Amino acid sequence: MVRIANALGLVILSVALLILSLISYVSLRKDSFITSKYDMGGPRIMFHAGFRSQFAMNFLDPSFVPLTNALNEELQGKTSRWKFNRTAFYLQRKEIFHFINIANNFSLTKSGVRVGQLMHFDYSSNKYVFSISNNFKSLLPDMSPIYNKHYNVCAVADFVFRCNFAPTEVYYKDVGRKTNMTTFNPSILERYYNNLLTIQDRNNFFLNVKKLEGAILWIPAFFLHTSATVTRTLVDFFVEHKGQLKIELAWPGNIMQDVNKYWKTKNLSPKRLSTGILMYTLASAMCEEIHLYGFWPFGWDPNTGKDLPYHYYDKKGTKYTTKGQEAHQLPNEFRLLYKMHGEGVTKLSLSHCA
Ligand SMILES: *[C@@H]1O[C@H](CO)[C@@H](O)[C@H](O)[C@H]1NC(C)=O
Ligand SMILES: *[C@@H]1O[C@H](CO)[C@@H](O)[C@H](O)[C@H]1NC(C)=O
Ligand SMILES: *[C@@H]1O[C@H](CO)[C@@H](O)[C@H](O)[C@H]1NC(C)=O
């Protein structure tokens, strides 16, 4: 069970990946870090094509998170010294607001776009465009879905964020059932729903969206031009099923530049921030207190040493290509989040949720 905090739980469970060469490095390290009471079937050292010596990795990856005793203990669920520092959290929120107006930038709105307007993509060359159609515009909210939702709502109710339309049914013991908002990268249609090409694909997708009724589907359609075609498929689908699906759609515009500016002040400037840290940024405007689950940037389970898939719901043995993910710097993000955890700004839940 996910332990929901008295204020707001932030559940993000899909951010465990790693650049290949880093896996090599960390795999080496874990033997000295996990105590012998964890039977790992003998030390396992993975070698990849990208294997490099520890020294070289240290040099090449200054972002590596040193596995300190404190972190080690928290990973094993031994300590619960964490205390929320509201002052520090408010201070951070103020800094974030300096760069981005989260309530307004959470989604494009009907009045903010016009039909025929050419949108660009945050992470693609400026030559790529997406023309706003009537159908697309009809799916935009009249006003920001989170406009009056911050502070009070957050103080009295739990609000659970998820990433990537992650399934919960099979995994509810670990990830909980509640979802109040999930990100939905249009490419999910391609990867998991066969571009909605068959009746069965459409039914599957419909039923899975239906399960989220009452929640917000946050669809970053303007980050990468490669999602343009699936975005049209998605728009058609939602227009066809308008009225049948009681779900709030949110379509952020080109917000990443502003979001990046804030994290850059914390010395975090990867080519692409993870969805997880992006959700944290949005949550900072809506929530009085944020707890993070599933933020772990390495390809192995810190408690058992076993391999972890990139997403918890990936099929066993799924090999993720590192293409595209090289743009992320998850260990760097983790290091920063762990620092924030230490400062009481946010709580990183590192041990087992069950
Ligand atoms: C809470 O955070 C503020 C601002 O960063 C800091 O000045 C203060 O010392 C912190 N309080 C505690 C108890 O750590
Ligand atoms: C973000 O919000 C500001 C203030 O309302 C607005 O001027 C700007 O266009 C918005 N940007 C995006 C990408 O939505
Ligand atoms: C969050 O979602 C759950 C269902 O998943 C719902 O019961 C709850 O009321 C929602 N909370 C808010 C604040 O919307």
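Hi everyone! Let's start with ligand 2: by class, the shell around this ligand holds four polar residues, one nonpolar residue and no charged ones. Please keep in mind that we're looking at a predicted model.

Who is in that shell? The residues surrounding ligand 2 are N101, N104, N105, N254 and I255. Let's look at two of them. The side chain of N104 has an N or O atom 2.7 Å from an oxygen atom of ligand 2. For N105, a polar side-chain atom sits 2.2 Å from an oxygen of the ligand. Taken on its own, ligand 2 has 360 Å² of accessible area, and the protein covers 50% of that.

Now let's step back to the whole protein. There are 14 helices and nine strands, and 51% of the 354 residues are buried. If we take contacts between residues at least 6 apart in sequence, 78% of them join residues at least 24 apart.

So what is inside? In soluble globular proteins, nonpolar side chains tend to be buried together. Here, the largest nonpolar core has 48 residues, and the ones touching the most other members are F106, M181, W218 and W263. Several elements give two or more residues to this core, including helix 4 (86-99), strand 6 (216-218) and helix 12 (256-264). Which helix gives the most? That's helix 13, with eight residues.

Notes:
Residues are numbered from 1 along each chain as its sequence is written. Chains are lettered from A and ligands numbered from 1 in the order in which they are written. This is a predicted model: local features need pLDDT of at least 70, side-chain atom pairs count only at pLDDT 80 or more; totals for chains, interfaces and linings use all residues. Side-chain values use heavy atoms; hydrogens and water are left out. Helices (H or I, at least four residues) and strands (E, at least two) are DSSP runs, numbered from the N terminus. Buried means under 20% relative accessible area, exposed over 50%, partly exposed in between (1.4 Å probe, protein chains only). Contact means heavy atoms within 4.5 Å. A nonpolar core is a set of buried Ala, Val, Leu, Ile, Met, Phe, Trp, Tyr and Cys residues joined through side-chain atoms within 4.5 Å. A residue is near a molecule or strand if one of its heavy atoms lies within 4 Å of it. A polar contact is a pair of N or O atoms within 3.5 Å; within protein, one must be able to donate a hydrogen and the other to accept it, and residues adjacent in sequence count only if both atoms are side-chain atoms. Accessible areas come from the Shrake-Rupley method with a 1.4 Å probe; for residues, only the protein chains shown count as cover. Ala, Val, Leu, Ile, Met, Phe, Trp, Tyr, Cys and Pro count as nonpolar, Asp, Glu, Lys and Arg as charged, and the others, Gly among them, as polar.
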